[in-house]
Amino acid sequence: MFETVECPYCEHDNDMSDALSEGVPSDNTFDHECEKCGKEFEVYVEFEPSYSASEIVYVDCERCGSSTRDPRKKGSIFPWPEAVEENVICKECFYKALSEEYSKTNVKA
Ligand SMILES: [Zn+2]
Ligand SMILES: [Zn+2]
(Lines give C-alpha, C1' and ligand atoms only; values in the text may rest on other atoms or scores of the structure.)
(Ligands and ions follow the chains in the order given, each with its own letter.)
Protein backbone atom coordinates (compact mmCIF):
# COMPACT_ATOMS: atom_id res chain seq x y z
CA MET A 1 0.00 0.00 0.00
CA PHE A 2 1.36 3.41 -0.91
CA GLU A 3 2.10 6.01 1.75
CA THR A 4 2.73 9.01 -0.43
CA VAL A 5 1.47 10.18 -3.78
CA GLU A 6 3.19 12.65 -6.02
CA CYS A 7 1.29 15.82 -6.87
CA PRO A 8 0.78 15.96 -10.64
CA TYR A 9 1.29 19.72 -10.61
CA CYS A 10 4.32 20.38 -8.42
CA GLU A 11 5.63 16.85 -7.80
CA HIS A 12 5.45 17.26 -4.07
CA ASP A 13 5.09 13.96 -2.24
CA ASN A 14 1.85 14.10 -0.30
CA ASP A 15 1.48 11.92 2.75
CA MET A 16 -1.54 9.67 2.26
CA SER A 17 -1.44 7.81 5.55
CA ASP A 18 -4.32 9.88 6.97
CA ALA A 19 -6.29 10.19 3.76
CA LEU A 20 -7.92 6.80 4.11
CA SER A 21 -8.51 6.86 7.85
CA GLU A 22 -12.21 7.22 7.17
CA GLY A 23 -12.26 4.31 4.79
CA VAL A 24 -11.81 3.88 1.09
CA PRO A 25 -14.51 5.38 -1.11
CA SER A 26 -16.53 2.90 -3.09
CA ASP A 27 -15.00 3.83 -6.42
CA ASN A 28 -11.46 3.85 -4.94
CA THR A 29 -10.87 7.44 -5.99
CA PHE A 30 -10.91 10.60 -3.95
CA ASP A 31 -9.83 14.18 -4.32
CA HIS A 32 -6.86 15.37 -2.36
CA GLU A 33 -5.52 18.85 -1.97
CA CYS A 34 -1.78 19.13 -2.41
CA GLU A 35 -0.04 20.06 0.84
CA LYS A 36 2.36 22.27 -1.02
CA CYS A 37 0.66 23.97 -3.97
CA GLY A 38 -2.92 23.62 -2.72
CA LYS A 39 -4.29 22.30 -6.01
CA GLU A 40 -6.71 19.42 -5.99
CA PHE A 41 -5.94 16.23 -7.76
CA GLU A 42 -7.59 12.87 -7.99
CA VAL A 43 -6.08 9.91 -6.21
CA TYR A 44 -6.81 6.40 -7.24
CA VAL A 45 -6.34 3.74 -4.60
CA GLU A 46 -4.81 0.56 -5.85
CA PHE A 47 -4.96 -2.59 -3.85
CA GLU A 48 -3.01 -5.75 -4.10
CA PRO A 49 -5.40 -8.23 -5.59
CA SER A 50 -6.39 -10.84 -3.12
CA TYR A 51 -8.19 -14.04 -3.76
CA SER A 52 -10.02 -16.39 -1.55
CA ALA A 53 -11.33 -19.73 -2.57
CA SER A 54 -14.04 -21.96 -1.37
CA GLU A 55 -15.42 -25.21 -2.63
CA ILE A 56 -18.44 -25.12 -4.85
CA VAL A 57 -21.02 -27.22 -3.16
CA TYR A 58 -24.24 -28.15 -4.82
CA VAL A 59 -27.10 -29.00 -2.57
CA ASP A 60 -30.39 -30.54 -3.56
CA CYS A 61 -33.41 -28.51 -2.66
CA GLU A 62 -35.51 -30.62 -0.30
CA ARG A 63 -38.64 -29.07 -1.72
CA CYS A 64 -38.36 -29.13 -5.52
CA GLY A 65 -35.29 -31.36 -5.89
CA SER A 66 -33.27 -29.00 -8.06
CA SER A 67 -29.61 -28.61 -7.18
CA THR A 68 -28.49 -25.21 -6.09
CA ARG A 69 -25.19 -23.54 -5.25
CA ASP A 70 -26.91 -20.99 -3.10
CA PRO A 71 -29.30 -22.80 -0.79
CA ARG A 72 -31.29 -21.32 2.05
CA LYS A 73 -30.74 -23.20 5.29
CA LYS A 74 -33.00 -23.30 8.27
CA GLY A 75 -31.27 -21.84 11.31
CA SER A 76 -29.11 -19.46 9.31
CA ILE A 77 -31.98 -17.38 8.01
CA PHE A 78 -34.50 -15.35 9.91
CA PRO A 79 -37.38 -15.22 9.53
CA TRP A 80 -37.71 -18.75 8.26
CA PRO A 81 -41.13 -19.24 6.68
CA GLU A 82 -43.29 -21.27 9.05
CA ALA A 83 -44.78 -23.18 6.17
CA VAL A 84 -41.40 -24.62 5.19
CA GLU A 85 -40.77 -27.93 6.93
CA GLU A 86 -37.67 -28.68 4.90
CA ASN A 87 -34.26 -27.71 6.28
CA VAL A 88 -32.54 -26.85 3.01
CA ILE A 89 -34.31 -25.33 0.06
CA CYS A 90 -33.33 -23.42 -3.02
CA LYS A 91 -33.61 -19.67 -3.30
CA GLU A 92 -36.65 -19.85 -5.55
CA CYS A 93 -38.57 -22.06 -3.14
CA PHE A 94 -37.52 -19.88 -0.25
CA TYR A 95 -38.81 -16.67 -1.78
CA LYS A 96 -41.97 -18.36 -2.93
CA ALA A 97 -42.65 -19.62 0.58
CA LEU A 98 -41.72 -16.29 2.06
CA SER A 99 -44.12 -14.35 -0.13
CA GLU A 100 -46.86 -16.87 0.65
CA GLU A 101 -46.11 -16.34 4.31
CA TYR A 102 -46.42 -12.58 3.92
CA SER A 103 -49.70 -12.76 2.03
CA LYS A 104 -51.07 -15.00 4.79
CA THR A 105 -50.05 -12.49 7.43
CA ASN A 106 -51.68 -9.69 5.49
CA VAL A 107 -54.95 -11.57 5.27
CA LYS A 108 -54.98 -12.04 9.05
CA ALA A 109 -54.28 -8.37 9.68
ZN1 LIG B 1 1.28 20.29 -5.59
ZN1 LIG C 1 -36.53 -25.61 -4.63
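The site of the zinc ion (ligand 1) is tetrahedral, with angles of 106 to 116 degrees among its 4 donor atoms; four donors count as tetrahedral if all angles lie between 85 and 135 degrees. The ion is coordinated by the SG atoms of C7, C10, C34 and C37 at 2.3 to 2.4 Å, donors being N, O and S atoms within 2.8 Å of the metal (3.2 Å for Na, K and Ca), with water not among the atoms. C10, in the loop between β1 (4-6) and β2 (13-15), and C34, in the loop between β3 (29-33) and β4 (40-44), link distant parts of the chain, 24 residues apart. Strands (E, at least two residues) and helices (H or I, at least four) are DSSP runs numbered from the N terminus.

This is a predicted model, in which local features need pLDDT of at least 70, side-chain atom pairs count only at pLDDT 80 or more, and totals for chains, interfaces and linings use all residues. Residues are numbered from 1 along each chain as its sequence is written, chains are lettered from A and ligands numbered from 1 in the order in which they are written, and side-chain values use heavy atoms, leaving out hydrogens and water.

The zinc ion (ligand 2) is coordinated by the SG atoms of C61, C64, C90 and C93 at 2.3 Å. Its 4 donor atoms subtend angles of 105 to 114 degrees, and the arrangement is therefore tetrahedral. C64 lies in the loop between β5 (59-60) and β6 (67-68) and C90 in the loop between β8 (88-89) and α1 (91-108), so the pair ties together parts 26 residues apart in sequence. C64 is partly exposed, at 46% relative accessible area, whereas C90 is buried, at 2%; buried means under 20%, exposed over 50% and partly exposed in between (1.4 Å probe, protein chains only).

Conventions:
Four donors count as tetrahedral if all angles lie between 85 and 135 degrees; four count as square planar and six as octahedral if opposite donors are over 155 degrees apart and all others between 65 and 115; anything else is irregular.
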